[in-house]
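These are my notebook entries on one structure. I record what I looked up, entry by entry.

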Amino acid sequence: MKNIVLIGFMGSGKTVVGRLLADRLGYKFIDTDKIIEERIGKTISDIFNDEGEHYFREIESNIVKELSELSGHVISTGGGIVLNQDNLTCLKKSGLTVWLKASPESIHKRVVSESHRPLLNVKDPLKKIKRLLNLREKFYSKADISINTDDLDIEKVVENIIDVYHKGEN
Ligand code: S3P
C-alpha cells in the first residue's frame, strides 16, 4: 500500500502518532492543515474568520486530491475531512486509512488549553465535541481500521498500525 492516512476527531492524536509512525517506517509526514496554512499564508483560525469554513473545505478537498497521488507518506488529516464523501473515497484509494478514536472526555482534556481550533472556541466545548462526534462517527468508521487512543500510549498505537500495514503488504 502506498500511504497511511490518519483520520479522526480534533485531539485524537493524529499529529503525535503520525510523526512517530513516519519516523519508524522511514516515510515522510504531512499534515493537511499545515499545507493549507502554508498555501494560504494564514492560520486555520484566520482562514475560518476571514474566508469562512466553506472556503477552507474547498482548499482542503483540493489538497486531498493532490496528496492522494503520493506514496511513502503518513498523511494526517483535519478532523472534518471525512464530511466530504469524495475526500474519503480519494483517501481510501491512496492507502491504509486509520481512524484514531477517542472519547469526548479525552478529547476535551487534550484540547481544552488550546485555542487554534476555531470550531471548539465556544462556551461549552465538551458539548460541541459530543455533538460533532455524534455526527461524524459514521464517516470515521469507514476507515480500514480503528485504534483507540484514550490512553494515548503512542508506541503501542504505532506498533499496532505498523503490524496491520505490513500484513496488508503480504
Ligand atoms: C477541523 C479540524 C482541524 C482543522 C479545522 C477543522 C474539524 O484539524 O482542520 O480546525 O472540522 O474537525 P485537527 O483535527 O488536526 O485539529
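Entry 1. In which strand is the place of Asn 148? I looked this up and found Asn 148 in strand E5. I note at the outset that the model is predicted. I then turned to the accessibility of Asn 148, which is 47% in relative terms, so the residue counts as partly exposed. The value falls between the two cut-offs, since buried means under 20% and exposed means over 50%. I also looked up a distance from this residue: Asn 148 and Ser 12 are 136 residues apart in sequence, yet their C-alpha atoms are 8.9 Å apart in space.

Entry 2. I next considered Lys 142. I located Lys 142 in the loop that runs between helix H7 (125–140) and strand E5 (145–148). Is Lys 142 buried or partly exposed? I recorded a relative accessible area of 40% for Lys 142, and therefore I list it as partly exposed. Along the chain, Lys 142 and Val 98 are 44 residues apart, and I noted 9.3 Å between their C-alpha atoms.

Entry 3. I looked up Leu 70, which is found in the loop between helix H4 (53–67) and strand E3 (73–76). For the pair Leu 70 and Ser 94, I wrote down a separation of 24 residues along the chain and 7.7 Å between C-alpha atoms.

Entry 4. I moved to helix H6 (residues 104–111), where Ser 106 lies. The relative accessible area of Ser 106 is 13%, and because buried means under 20%, I count this residue as buried. With which side chain does the side chain of Ser 106 make a polar contact? I found the partner to be the side chain of Asp 150, at 2.6 Å.

Entry 5. I searched for aromatic pairs and found three in the structure. In one of them, the ring centres of Tyr 27 and Tyr 165 are 6.0 Å apart and the planes stand at 90°, so I class this pair as edge-to-face. The angle decides the class, because planes over 60 degrees apart count as edge-to-face. I noted that this pair links distant parts of the chain, 138 residues apart: Tyr 27 is in the loop between helix H1 (14–25) and strand E2 (28–31), and Tyr 165 is in helix H8 (residues 154–169). Tyr 165 has 1% relative accessibility, so I record it as buried.

Entry 6. I found that the ligand sits in the largest pocket. How many residues surround the ligand? I recorded 13, and the closest are Lys 14, Asp 33, Arg 57, Arg 117 and Arg 136. I then looked up distances from an oxygen atom of the ligand to an N or O atom in a side chain. For Lys 14 the distance is 2.6 Å. For Asp 33 I noted 2.7 Å, and for Arg 136 I noted 2.7 Å. Taken alone, the ligand exposes 390 Å², of which the protein buries 94%.

Terms used: Residues numbered from 1 in each chain as written. Predicted model: local features only at pLDDT ≥ 70, side-chain atom pairs only at ≥ 80, totals over all residues. Heavy atoms only, no water. Phe/Tyr/Trp six-rings, centres within 6.5 Å; stacked < 30°, edge-to-face > 60°. Helix = DSSP H or I, 4+ residues; strand = E, 2+ residues; numbered from the N terminus. Buried < 20%, exposed > 50% of the residue type's maximum accessible area, 1.4 Å probe, protein only. Near = heavy atom within 4 Å. Polar contact = N/O pair within 3.5 Å; in protein donor to acceptor, adjacent residues only side chain to side chain. Areas by Shrake-Rupley, 256 points an atom, 1.4 Å probe, with all protein chains shown as cover. 1 Å grid on protein atoms, 1.4 Å probe; cavity = no way out; pocket = protein on both sides within 12 Å on 5 of 7 lines; lining within 4 Å. Sits in = over half its atoms within 2 Å of the grid points.
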